[in-house]
Every structure is written in structure tokens, then in C-alpha cells.
Amino acid sequence: MEANIVLLPGDGIGPEVVGEAVRVLEHVASRYGHTFRFSERLMGGCSIDRYGAALTDETLADCQAADAVLLGAVGGPKWDDPLAKVRPEQGLLGLRKGLGVFANLRPVRVYPELVGASPLKPEKLAGVDLVVVRELTGGLYFGQPKGRDVVDGHTRAVDTLEYQDFEIERIVDLAFRLAQGRRRKLTSVDKANVLESSRLWRQVAVQVKERYPEVELSHMLVDTASMRLVTSPASFDVVVTENMFGDILTDESSVLAGSMGMLPSASLATQGPGLYEPIHGSAPDIAGRGIANPIGTILSAALLLRYSFKLEAEPAAIESAVEKSISAGCRTADLGGSLGTRAMADEILRRIA
Ligand code: IPM
Ligand code: MG
């Protein structure tokens, strides 16, 4: 196949990890006879420095016209002033909204060899294989009104948690479909004892369930879920939840995998290109040193091939090469090893069948 991929390496370790994922994609392309054309654009802090905006209209248009978008990470101390008018994260949110990628899939799997890298007891980690489906274009991140004003001499800041029924319906439906192809267990996470938006969420989830009689649906409050994710993580199959709950729960879930550096993500729209990115951030503390773990981005590239290009053998080959490299003891610094970013990617590359 032939495809155009826009690369948004971003800030911090973003360019380092994206560079390695591109090498993997190029390798796969030559092995399997595909042509992937890459074009690189600025997004995040680097785009603020160059254009004064975290995401320019041109870059968004280029992403919309692509077959898929691969992103590294955005942000860093340089752009962290809370009073700044432009922030790197605005670029990421604008991109998600602009691409309409409402479904963020964050699979969490535990490699048996990495059980020791997690602070959790090994017996808790046996059999962990879950996917968090995070709603990505609504909720607290985007609800209006949002902003500041002055009321009776006091500065007030407002964020709004808003969902419409159709936004809940499409994400829950996607989660049900995913669960159907897995262990058929869906946990819908909300805060229905307090939030009206969560009560609507629950109601819609129950309606959608009628279309999926073979999938077991349970509801769990987000505070309980945050506890159960570490006390009985293997009990989860597919988890579906609101944007910010999903943001928080997926960082928590990464602890199961031993390192944030391991986890990929896929953000999907009803139509148009998907957006693929590791769940970790720009890690300014280690940026430029060539020691970041490239696996989260390499596995994101595998998800890109699976979800956007509908390939099967190719992503499976990448995932199996990652697995074999881990089994062979290859480790970057975040996992207590000494391999650099490039060396880790080389280990994976040479194991791609
Ligand atoms: C993530 C990140 C982003 C988010 C930030 C960088 C805006 O934490 O992808 O999880 O909150 O969505
Ligand atoms: Mg996050």
C-alpha cells in the first residue's frame, strides 16, 4: 500500500522517539512492500517558538489531509508559565478536536519479564491485559464556559464538564465493539453519585448495552476504579470513561506496565486520519540525551498500521519484536537498563520478521 504519514515530533524527547518509530515503519515498508511517505511539521512548544501558535492552520490542514498522524510529545518548562497566552498543550487539544478523534485507546499489557519493574506485587500483575477507552474531544477539557473573570472583586476560574448524548453513545458503542472482540467485559467509569453528566453517561451506556447482549457491562465510580486498578488490575478488560477521568486513570495504569515509556495510544475518528502517540510526555529532564524509551512510540506506530491502514501481519510483527526484545533482556534506563533510544530500536528492528 501507499500512504502519507504526517509526523509531529513535538518537544523534549518527542523527536528522539518519533525518529526511531519512523525507522521501524521504514523497515516494515521495505519488508512488506509498502510505500510510506513522511512529512514532518512543528506542533507544540517548537511551533510556538517558530510561529507564535502551538498548532497553525496549515499544520492542522496537512494532518487532516494525511492518512495518519504520528506524534511524539509536547510541552516543557520553557512554555510552562501559567499566565502564558499560548501553551503547547493547546496544539494537542486543537489537533484532537480538529481531527475529530473522539476515541482514545490506551492498551495496557504487562510483559511477564517486566513485572519486577512495577512497584505492585507480582501476583497482582499476573494476567493484566486491559484497554482504557478514553473520550477525547469532550468533557472537562472542552466544555464551555471556560476561562476567568472577576466576581465581586475575586478572580473566578471556570471549567465545564459537559456531554451530549451522542458523544457518549459513540464512545460507548466503540468500547462495546472492542470488548466484543476481547474478553467481553466492559467497565464504564463515571461519578454518577455526584455528576449529572455521569448520570447521563450511565443512562446512555445502559441503552447501548441492548445492542451487545453478549458483553457484560458494569458501572464503577471513578474513585473506586482508581483503587481497583491497582488492587485487582487483572479483573478489567475494557474500560470506557470521560476525558479527564481517562487521562488520570491511564497514567495510573501505566504503573502496571512498569514504565510510562511502554504505553502506546491510538486516537480514532469516525472518518479521516487517526492520531497515534505514546502516552508519556516530553520528559524534559532526559531530553536530548538519547536515553528515552522508544517502545511507546514504536507500539503506537504498530497501532497506526492496524487501525488506520487495516494491516494485520505488520503490526503483529512489530509487537512480537518488542516482546522478544523485552524477553531477551533489552532495557532502557526507565526499566533499569542501559540501552539508549537508538540501541533499543535496533534490537526491535532486527527482530521484525
Ligand atoms: C495525555 C496528556 C495530555 C492530556 C496533555 C499533554 C494535554 O496528559 O495525552 O494524557 O491531558 O490529554
Ligand atoms: Mg495524560
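**Around ligand 1**

A: Let's start with tyrosine 141, which has a polar side-chain atom 2.5 Å from an oxygen atom of ligand 1. This is a predicted model, where local features need pLDDT of at least 70 and side-chain atom pairs pLDDT 80 or more, while totals for chains, interfaces and linings use all residues. Residues are numbered from 1 along each chain as its sequence is written, chains are lettered from A and ligands numbered from 1 in the order in which they are written, and side-chain values use heavy atoms, leaving out hydrogens and water.

Now for the whole shell, meaning residues with a heavy atom within 4 Å of the ligand. Its members are Glu89, Leu92, Arg96, Arg106, Arg134, Tyr141 and Asp247. By class, five are charged, two are nonpolar and none is polar. Here Asp, Glu, Lys and Arg count as charged, Ala, Val, Leu, Ile, Met, Phe, Trp, Tyr, Cys and Pro as nonpolar, and the others, Gly among them, as polar.

Which helix gives the most to this shell? Helix 4 (residues 88-99) does, with three residues; a helix is a DSSP run of H or I, at least four residues long, numbered from the N terminus.

Stepping back, domain 1 (1-101 + 283-353) and domain 2 (119-257) both give residues to the shell, so ligand 1 lies between them. The domain bounds come from an automatic or database assignment.

Notes: A polar contact is a pair of N or O atoms within 3.5 Å; within protein, one must be able to donate a hydrogen and the other to accept it, and residues adjacent in sequence count only if both atoms are side-chain atoms. Helices (H or I, at least four residues) and strands (E, at least two) are DSSP runs, numbered from the N terminus.
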